[in-house]
Amino acid sequence: MKLQRNGRSKALAIGAMALVSSLSLAACGSDDNSTTATGSGGSSSAAPAIDCGPKQAPLVSAGSTAQGNAIDILKNNFGAACKDTTINYGGGGSGAGVQQFNQGKIQFAGSDSALKPAEVDASKAVCTGGQGINLPVVAGLISIVYNVEGVDNLVLDGPTIAKIFDSQITKWNDPAIVALNPSAKLPDADIQAFHRTDDSGTTENLTKYFAKTSAGAWSYPASKAWAGKGGQGASGSAGVSAQVKQVKNSVSYAELSFAQTNNLKSASINTGAAKPVEATAVNAANTFAKAQIAGTGSDLALTLDYATKDEGSYPLVLVTYEIVCDKGNKADTLDALKAFLTYSISDAGQKAIGDAGYVPLPKELTGKVTAAVKALA
C-alpha cells in the first residue's frame, strides 16, 4: 500500500506495533569503506555496516531541539563507525535552523515544520540549480508534561489545553479539568504554564493541533512564534522540560524523549475516541501510519491528522524534517551528508532513536527518503 500525494487516495496503512517493533538491524552499506556502529548502548557485533564515504570537511547543522536527543544518538553512533567524519548539530529551534540554512551557514537544518513557499524561494540562493527540500527523518510526539502533586493520570482535551496555554483556565481545579478527571484530587492552585521563547516547530505543531481541535478557543494562527497570553517562557525543549521539573503545579509541551529524560508525567488526550489516548510511541505510530505526502518530486513534506479520533491514535505528533538542497550541495560535505542521512533513516538508525522514545517512521516512507538522499547532488 502506497503513501499518497495531496490526500487523493489511500492513506498509508501500517500497524503501529509493526512500526515500532519490526525494525531489524540491517546493513545500510557494504562497500570497502564501510564499518560498524555501536548502536544505542548495544554491542558492535550486532550493529549494522555503515558506508562512511571518503573523508570530508565537518558537517555542520542546526535547528529543532525536539530532535536533539535523537541527533545525539545518531551522530554518536555514526561517529563511532566513521571516525573521519565530524558532525556538529546546534539547537536554537526550527526557525533559527531554517534561517541559517538559507544563509548558507549550515549543510542541513532540522525543522519540525516543512518549509513555507517563501523559505523555499529563499533557499534557491544557496542551493545552486536547486532548492531546499523536506526529508522526514525523526518522528515523535508532543507530550503535555505536568508537575501536579498527587495527580498521576491527568486527562486533557484540545479546548482545555488551548485555554490553559492562553490563560483562559488558570486553576488546576477549574470545572473543565475536573470534568475530564472526576476521580483526581486536583488542587486549588494556580497553573504555571511554560511556553517556548524561541521560534519553534514544536510550537507550530501544537498550535496546528489547537486550530483543529480547540473549537475556537485558540484564536491565533498556527506559528513557530508563541502568541498565547500569560505564562512564562523558556528556550528549547530542554528548557521548558527543566522548568516543569522544578516548578510545582506547572505544565508545558515537549517531545516525549524530554519527558522521559526528566521523569515527567504526560497527560493523556481525550480525542473523542472511546477512551483517552496515552502519550506513547505506539499510539503516535498509529497516527503516522495514516500520514500522507503533501510535497512534490523529492520533497517529502507530510500531512498529519491532528484531529484524529481513531482508537489508540495519539493526535499531538510531529515530524522533524532534515532540510537539504536537492541540488547545489557543497562538494566537500555532500558525501558525508548522504552517508549520515542514509544511516539515520535506516532500520538501525530508526531503531536506535526508537529505543529513546521517538517513533520509527513507516518503512515505505523511509524507503522514499533513502531514494531522495541518494539523488542529492
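For the residue classes on this tour, Ala, Val, Leu, Ile, Met, Phe, Trp, Tyr, Cys and Pro count as nonpolar, Asp, Glu, Lys and Arg as charged, and the others, Gly among them, as polar. The model on screen is predicted.

**Stop 1: the largest pocket**

Select Lys208, Leu302, Thr303, Leu304 and Tyr306. Of the 15 residues that line the largest pocket, these lie nearest its centre. The space inside comes to about 230 Å³.

Now colour the lining by class. Seven of its residues are nonpolar, three are polar and five are charged.

Next, show helix H7 (201-213), strand S14 (302-303) and strand S15 (317-325). These are the elements that give two or more residues to the lining of the largest pocket. Which of them gives the most? Helix H7 does, with four residues.

**Stop 2: helices H2 and H12**

Move on to helix H2, residues 68-81, and helix H12, residues 347-354. The two pack with their axes 9 Å apart, at an angle of about 135°. Angles from 65 to 115 degrees count as roughly perpendicular and those over 145 as roughly antiparallel, so H2 is oblique to H12. The crossing of H2 past H12 is right-handed.

Show side chains at the contact. From H2, pick Ala70, Ile73, Leu74 and Asn77. From H12, pick Gly349, Ala352 and Ile353. What classes meet in this contact of H2 with H12? Five residues are nonpolar, two are polar and none is charged.

Notes. Residues are numbered from 1 along each chain as its sequence is written. This is a predicted model: local features need pLDDT of at least 70, side-chain atom pairs count only at pLDDT 80 or more; totals for chains, interfaces and linings use all residues. Side-chain values use heavy atoms; hydrogens and water are left out. Axes are lines fitted to C-alpha atoms, for helices over the stretch in contact, and angles run from 0 to 180 degrees between N-to-C directions. Angles under 35 degrees count as roughly parallel, over 145 as roughly antiparallel, 65 to 115 as roughly perpendicular and the rest as oblique. A crossing is left-handed if the near helix is turned anticlockwise from the far one by less than a right angle, and right-handed if clockwise. Contact means heavy atoms within 4.5 Å. On a 1 Å grid over the protein atoms alone, a cavity is a set of points where a 1.4 Å probe fits but cannot get out, and a pocket is an open set with protein on both sides within 12 Å along at least five of seven lines; lining residues have an atom within 4 Å of a point. Grid points are joined across faces, edges and corners, and a volume is the space filled by probe spheres set on the points.
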